Amino acid sequence: MFQPAPSFRDPSGCCCFFRGRVLRFVAADAVAGFEQFLQTNCARQFIAGKQFVATRRLNESETAALRTEPGLPPIFSAPAAGAVFEHVRIPFPSYPHEWPPEMLWAAGRLTLELAQAALADGFGLKDATPHNVLFRGSEPVFIDALSFERRNPGDPIWLPEAQFVRTFLLPLLANRRWGLPLAGLFTASRDGIEPEEVYRFCGPLEKFKPRMLSLVSIPTWLTRKANPDNQRIYQPQLLANPEKARFILESLFRRLARSLDSLRPAAQQKSVWSDYMATHSYDDPAFVAKEKFVTEALREFKPARVLDAGANTGHFSVLAAQAGAAVVAVDLDAACTGAIWRRARDQKLDILPLVLDLARPSPALGWRNGECSSFLDRAIGAFDGVLMLALIHHLLVTERIPLEEILRLAYELTNSLLVIEFIEPRDDMFRRLTRGRDHLHAALEAKGFESACAPYFEIVRSLALPGTQRRMYCLKKKSAT
Amino acid sequence: MTIVLAYVDPGLGALLWQSTIAAIVGFVFYLNKTRRWIVSTIQKIFGRGRKPEAASTKITVSSESLATKVERKTEVR
């Protein structure tokens, strides 16, 4: 299984994933501050609310046992000058380039809430990036516990403000105003988007709108006018009055929170696929039969972890979550995944929605491709059940993926159950996709589909959906091919 | 106390803009403080003798309004 490389940006320590455990080495000069932070009201309150990753310090015998483990980064093997902590593991890590705008907004909200709460306890947040946050189901969890440091009481400046703007506010602004996908922004750049880049998109009048002025235009003009060699700009501007410094920072956090709230994605966003549940090609009996078929399969196999591939607005993800599974729902439509996130959060369902094209799943990113693992590295073997409903015709026709390849991927993703919907080329939706290229799929029929499944799966049962050219299959993974 | 400086890029224009706003908000802080000082000073000079009066006024008002409500209900009946 893939293991991300240890983190390296923070001079105070590094985090590493080791044999299913999340370990953090903290350097000697940061240990006391880190432990003090974990004892603050802020940390306790957010840990109790499951919004901050639970953390414990390993005792001496546990640390000594680690030293004998091969494969750990050297700094963990000889932590004489520091300490090792262990974090609770978040089941399925996800990254900002896979989130719908709603999730980026929620991660930003949590970041600001923590920064505000830490201020009251005399601590400051030293970086403000969405990479500090993972999602447990639909709920954000702040995982970079070492991001807090005791702040100088006289410092009125929050240095990560620019990073917060680059990685939260401007991506949300660009997504809302011009429809730029977050996947593109965060795949291209770890640190978001610069005000100067957004400035180039703005029309002459738009540059003077209040929100653009504050977040984009004025920082851009100041960058152009300022002398980049003047290092005095970066010197701390300490005030003699700590009360005043805190007043300024509280005002800054309120202002950022207002900006973030004004960029909250709208609830009813429209896209090509957002109305699918209302406009799909099934009549009621067919849809009821499909729903019953999926429910029975879930009841029979009781999968603990389910991947709903091509989830659309998450109707079947909800069924799986209600059956007790932890669900990862992927769809390439950000409006649909955003709707799933809202529903999961409102109904407190264990669903993690991700914007993902199964034909072009998110790649490994970062330094040496080791900072963010690829989707398939995280997903293969991670699920007990996979749902592929109304999906394969998109892969077969639009993406030109061979049927055998689709089934092989499903085989690698699931440990047990696959519920798949086979769609005959005569189906209206199938023909809409072929656009005159029907001859390419003329030989595709249910028998051929079953033969293609045979090397990988046993057919538990199948059901022709009444009044359609579609057939549901409940398949059980064969132990080896 | 060890202060570890943030390692993230603070930007250039963004940092200058934040510093400018911080200066303005700092001025607001003194305005607020001055306003609070003026209000508390006025209260110290003039407020002491008035407090019991203000309290009795409140009671009068509330008892008046209660009496009015009772009267209205009686009229309705």
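**Reading the model step by step**

Tutor: Let's start with the secondary structure of chain B: it has 1 helix and 0 strands. Keep in mind that this is a predicted model.

Student: What percentage of the 77 residues in chain B is buried?

Tutor: Buried residues account for 13% of them.

Student: How many residues of chain B are in contact with chain A?

Tutor: For an interface, you can count the residues on each side. Here 22 residues of chain B are in contact with 35 residues of chain A. On the chain B side, these split into 15 nonpolar, 6 polar and 1 charged.

Student: Now chain A. Which domains does the assignment give for chain A?

Tutor: The assignment gives domain 1 (1-89), domain 2 (93-265) and domain 3 (276-477). The C-alpha centres of domain 2 and domain 3 of chain A are 36 Å apart. Their contact takes 18 residues from domain 2 of chain A and 20 residues from domain 3 of chain A.

Student: Which helices each supply at least two residues of the domain 2 side?

Tutor: In chain A, α5 (101-120) and α7 (182-188) do. The largest share, 3 residues, comes from α5(A). By class, that side of domain 2 of chain A has 10 nonpolar, 5 polar and 3 charged residues.

Student: How do I read the strands? Which strand is joined to β2 of chain A by 6 bridges?

Tutor: Look for the bridges and the direction of the strands. Strand β2 (residues 21-27) of chain A is joined to β4 (residues 82-87) of chain A, and the two run antiparallel. To find one pair on screen, take Val26(A), whose bridge partner in β4(A) is Ala83(A). Strand β3 (residues 55-57) of chain A also runs antiparallel to β4(A), with 3 bridges joining them. There, Arg57(A) has Phe85(A) as its bridge partner.

Student: And what about the side chains in a strand?

Tutor: In a regular strand, they alternate between the two faces of the sheet.

Student: Let's finish with a single residue. Is Cys372(A) buried or exposed?

Tutor: Count its neighbours. Cys372(A) is buried, because 24 other C-beta atoms lie within 10 Å, and the cut-off for buried is 20 or more.

Student: Where is Cys372(A) found, and which residues is Cys372(A) in contact with, leaving aside neighbours within four places in sequence?

Tutor: Cys372(A) sits in the loop between β11 (351-355) and α15 (375-379) of chain A. With those neighbours left aside, its contacts are Tyr95(A), Ala364(A), Leu365(A) and Gly366(A).

Definitions and conventions
Residues numbered from 1 in each chain as written. Chains lettered and ligands numbered in written order. Predicted model: local features only at pLDDT ≥ 70, side-chain atom pairs only at ≥ 80, totals over all residues. Domains from an automatic or database assignment. Contact = placed C-beta atoms within 7 Å. Helix = DSSP H or I, 4+ residues; strand = E, 2+ residues; numbered from the N terminus. Nonpolar A, V, L, I, M, F, W, Y, C, P; charged D, E, K, R; others polar. Buried ≥ 20, exposed ≤ 12 C-beta atoms within 10 Å, placed from the backbone. Pairing = 2+ DSSP bridges.
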